[in-house]
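Here's a quick briefing on a protein model, written for someone who likes to know the cut-offs. Have the viewer open while you read.

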Amino acid sequence: MKMPWMKLLYLAFLFIPLRIELCYGDLADDYSDDEPAAAPPPSQDNCNGVFLSYAFTSRSKEYPHVKNVTAQSWAFNSIATVVNSGTEEVKGWKMFVGFQHKEILVSASNAIVVDGSGDFPVAVGNGTTLAGYPMTDLKTSIDTAGDYNQIAVQVQFTGTMFGMKEKAIPMPKTIKLANDGWNCPKPTKYPTYMHVCCKKNPKFKAKSPKGKYLPKQYGDLNFMYDVLKVYEGSYEAQVTMDNNNPLGRLDHWNLTWEWMRGEFIYSMRGAYTHRIDYSDCIFGLAGQFLKDLDFTQVMNCQKRPVIADLPEEKANDTKVGKIPYCCRNGTLLPPLMDESKSRSIFQLRVYKLPPDTAKTVLYPPQRWNISGLVNPHYKCGPPIRVDPTEFPDTSGLQATTSAIASWQVVCNITKPEKKKTKCCVSFSAYYNDSAIPCSTCACGCDDIDTDTCNPNGRSMFLPADALLVPFENRTAKARAFAHLKHMTVPKKLPCPDNCGVSINWHLNSDYKTGWTARITLFNWGDTPFEDWFAAVEIKKAFPGYENVYSFNGTKLKSVKNTIFFQGLPGLNYLVAETNGTRPHDPRVPGKQQSVVSFTKKQTPNINVRHGDGFPTNVFFNGEECALPDDFPRSAGHSSRVSFTAVIFIAIMTFLLMTDHLH
């Protein structure tokens, strides 16, 4: 039977989608024993918002090959797509991918990892946020006549993952748009593919941009990267950092970022790089393209330079100083202490490489990270293009000048990970002669030999005077005190806390109308602290705070239930640890202390002895300190006596007495 050619063509077209569907499902056959569910083609036609998708493409076993499934590593490849299918431009797009298999990203095209403080590889096993680079904004289809290259971006992932059986499919938990003001439902999932349509939250009230770019944001620490002058092949920029958090602070700050397009720092004012070396330029691309440049004058050619503040004596140096808010030896104070010292500025000359040598081609550095001595942990976002910063005219006229281009980097304080803080707290009280020291390895045990001590052991109770000597001089006191109190001494003693700064909170008295505590700061390190501050969050007792006698004390309005302490004029210096009077005496820590008084008028139901008199959070120079697991108990409120043991002793006593009577 002959079939007309038109019907044959029609049947051929019918089989095309079937073939596409079968091909899409083949990948699932390789990794699952279940019936494969054919994933649909990208279903963004009905999405009036931002369409995100994630597709797993392949994986292969890496060396070494091991029998332990959880220890076997696999190389994987996947693709994420972000498409603006709505009517509003998405500025500074960010995507969260909920990785969950101990993934380590080796590369990600067209994006940077916001959570990573350095270059690849970066661990993302708890999920990670990616920001667009170099394409940071997604325009609308309406404004671009449907140009897919301007409304969408594709991110190709390459990495390593662990702990999956050979046929299991390593998909993330979720994907979503991480920009403020967007709602994303749970993604639709298939064996090797997931997608979600995120829509703008109608209740979200964002600041309306006055100009072309996003309005400036508020963070704990804000950076501005302002391009002031442009030349063919180079530009001059100014970096401004502002501390906005009442508990934020930096001492001897070190700032790092990453040049993404071969740039290098020619010169700086108000700051310097730890490594002053131009060899990377000579042997790199810069040496090939800029053959006529005198590289002996170049300050730094590292892809990831480490930048520090200049010391105070360089403030008036005509070559490297002479700019406002510079040269404070890396100190950035909270506005509450000194508003003039809550800002820092430096300037730099940056050279660019082809094809970016035109005056109009400007890219800021990425992956900003800043750290201090004993200071908060900051997590910084990507640079966001904002309206150019305006400055007062230097001639003194009633006029303003503006930067050529400006980017903002917002950093926020994060809670330190357990055993990774830099200060700790001990508790003691007048009604109990056992002091509870800082927790074992409170500031980490990575730098000591844990074969000689127990890094997971509970810290031993101490007599109060033992808190005044270094940990290595406490062993004899701890053993003697344990024997005196009939407490068990472990065969392997707990490791030290390893903190450079510790704070003791001692409950001093408790009477009918009020109570007092004593706070003592110890510096066990080699570096003194000038203009130090401490802050104590004490929830139930806060309304009753009355006075502090050897410090300045302030109730913070912007931080809940927190009292801010700083040294009085002339007493704002916490000295470093020094040698003892005699050669064999233990070293002596730097120390500052004061009595703090509270009234019970505003807190009539406070139970000072049973926990209400002890802080729930303590900060030193902005760093959140590790608290002990317990607080001193008064008689009749013991925490380490077994209830079963008490019952057993009572029964045995009763039986013995009964037997005696008979």
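This is a predicted model: local features need pLDDT of at least 70, side-chain atom pairs count only at pLDDT 80 or more; totals for chains, interfaces and linings use all residues.

Residues are numbered from 1 along each chain as its sequence is written, and side-chain values use heavy atoms, with hydrogens and water left out.

**Overall make-up**
- The protein has eight helices and 39 strands (DSSP runs numbered from the N terminus: H or I of at least four residues for helices, E of at least two for strands).
- Of its 662 residues, 46% are buried (under 20% relative accessible area, with exposed over 50% and partly exposed in between; 1.4 Å probe, protein chains only).
- Take the contacts (heavy atoms within 4.5 Å) between residues at least 6 apart in sequence: 70% of them join residues at least 24 apart.

**Strand S38 and its partners**
- In S38 (residues 617-620), Asn-617 and Phe-619 point one way while Val-618 and Phe-620 point the other, and all are buried.
- S38 pairs antiparallel with S32 (residues 533-537) over four bridges (pairing takes at least two DSSP bridges between two strands), and Ala-535 stands opposite Phe-619.
- S38 also runs antiparallel to S39 (residues 623-624), joined by two bridges; here Phe-619 has Glu-624 as its bridge partner.
- S38 and S39 make a hairpin with two residues between them, and Asn-621 in the turn has a positive phi of about 50°.

**Aromatic rings**
- There are 27 aromatic pairs (Phe, Tyr and six-membered Trp ring centres within 6.5 Å; planes under 30 degrees apart are stacked, over 60 edge-to-face, the rest tilted).
- Trp-257 and Trp-259 count as edge-to-face because their planes sit at 75°, with the centres 5.6 Å apart; both residues are buried.
- Phe-427 and Phe-614 form a tilted pair, 4.9 Å centre to centre with 50° between the planes.
- That pair links distant parts of the chain, 187 residues apart: Phe-427 is in S26 (residues 423-429), and Phe-614 is in the loop between H7 (608-612) and S38.
- Ring pairs also build a cluster whose members include Phe-223, Tyr-235, Phe-346 and Trp-368.

**Charges over rings**
- Arg-385 lies over the face of Trp-407, 4.8 Å from the ring centre (NZ of Lys or CZ of Arg within 6 Å of the centre and within 35 degrees of the ring normal).
- Lys-555 has its charged end over the ring of Phe-542, 4.9 Å from the centre.
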